[in-house]
Amino acid sequence: MHDRGDRGDRSGEQWFICKRDTGICEIIKADNKESIANSVETWGGFASQGEAIAKRIGLIRAGKCQPL
């Protein structure tokens, strides 16, 4: 048996990275559909917030997103 611990994994919860017209990328829960729809570019859905944060860091390093 594997103990997954509390890594933010909650069944059914998804996270997205939404790029705004300012170039800043925000991490948004999937239930915030209006915010996701109003983004310039979107990546996801990710199973955990931590996974989305790691991807956002990669997007910043690649020059696709601006840091806060």
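Modeller: R20 sits in the loop between β1 and β2. The model is a predicted one. R20 is buried because its relative accessible area, 16%, falls under the 20% limit. Leaving aside residues up to four places away in sequence, R20 touches E26, I28, S35, N38, S39 and V40.

One of these contacts carries a charge pairing. R20 forms a salt bridge with E26, and their closest N and O atoms are 3.1 Å apart. Side chains of opposite charge can pair when their charged atoms come close.

The structure holds two salt bridges. K29 makes one with E13, where the closest N and O atoms are 3.4 Å apart. This pair links distant parts of the chain: K29 belongs to strand β2, residues 25–29, while E13 lies in the segment before β1, 16 residues apart. E13 is buried, at a relative accessible area of 16%. K29 is partly exposed, at 33%.

Strand β2 also holds C25. C25 forms a disulfide with C65, and the two sulfur atoms are 1.9 Å apart. The bond reaches from β2 to the segment after α2, across 40 residues. The link is left-handed, with -70 degrees about the S-S bond. Both ends are tucked away: C25 is buried at 2% relative accessibility, and C65 is buried at 2% too. A search of the whole structure finds one disulfide.

What about C18? Its closest cysteine sulfur is in C25, 8.4 Å away, so the two are too far apart for a bond. C18 is buried, with a relative accessible area of 0%.

C25 and C65 lead on to the core. In soluble globular proteins, nonpolar side chains tend to be buried together. Here the largest nonpolar core has eight residues: W15, I17, C25, W43, F46, A52, L59 and C65. The elements giving two or more residues to this core are β1 (15–19), β3 (41–46) and α2 (49–61).

W15 is one of the core residues. Not counting residues up to four places away in sequence, W15 touches I27, I28, K29, G44, G45, F46, A47, S48, Q49 and A52. Two of those names tie back to earlier points. I28 is also touched by R20, and K29 is the salt-bridge partner of E13.

How values were computed. Residues numbered from 1 in each chain as written. Predicted model: local features only at pLDDT ≥ 70, side-chain atom pairs only at ≥ 80, totals over all residues. Heavy atoms only, no water. Core = buried A, V, L, I, M, F, W, Y, C linked by side-chain atoms within 4.5 Å. Buried < 20%, exposed > 50% of the residue type's maximum accessible area, 1.4 Å probe, protein only. Helix = DSSP H or I, 4+ residues; strand = E, 2+ residues; numbered from the N terminus. Contact = heavy atoms within 4.5 Å. Salt bridge = Lys/Arg side-chain N within 4 Å of Asp/Glu carboxyl O. Disulfide = S-S within 2.5 Å.
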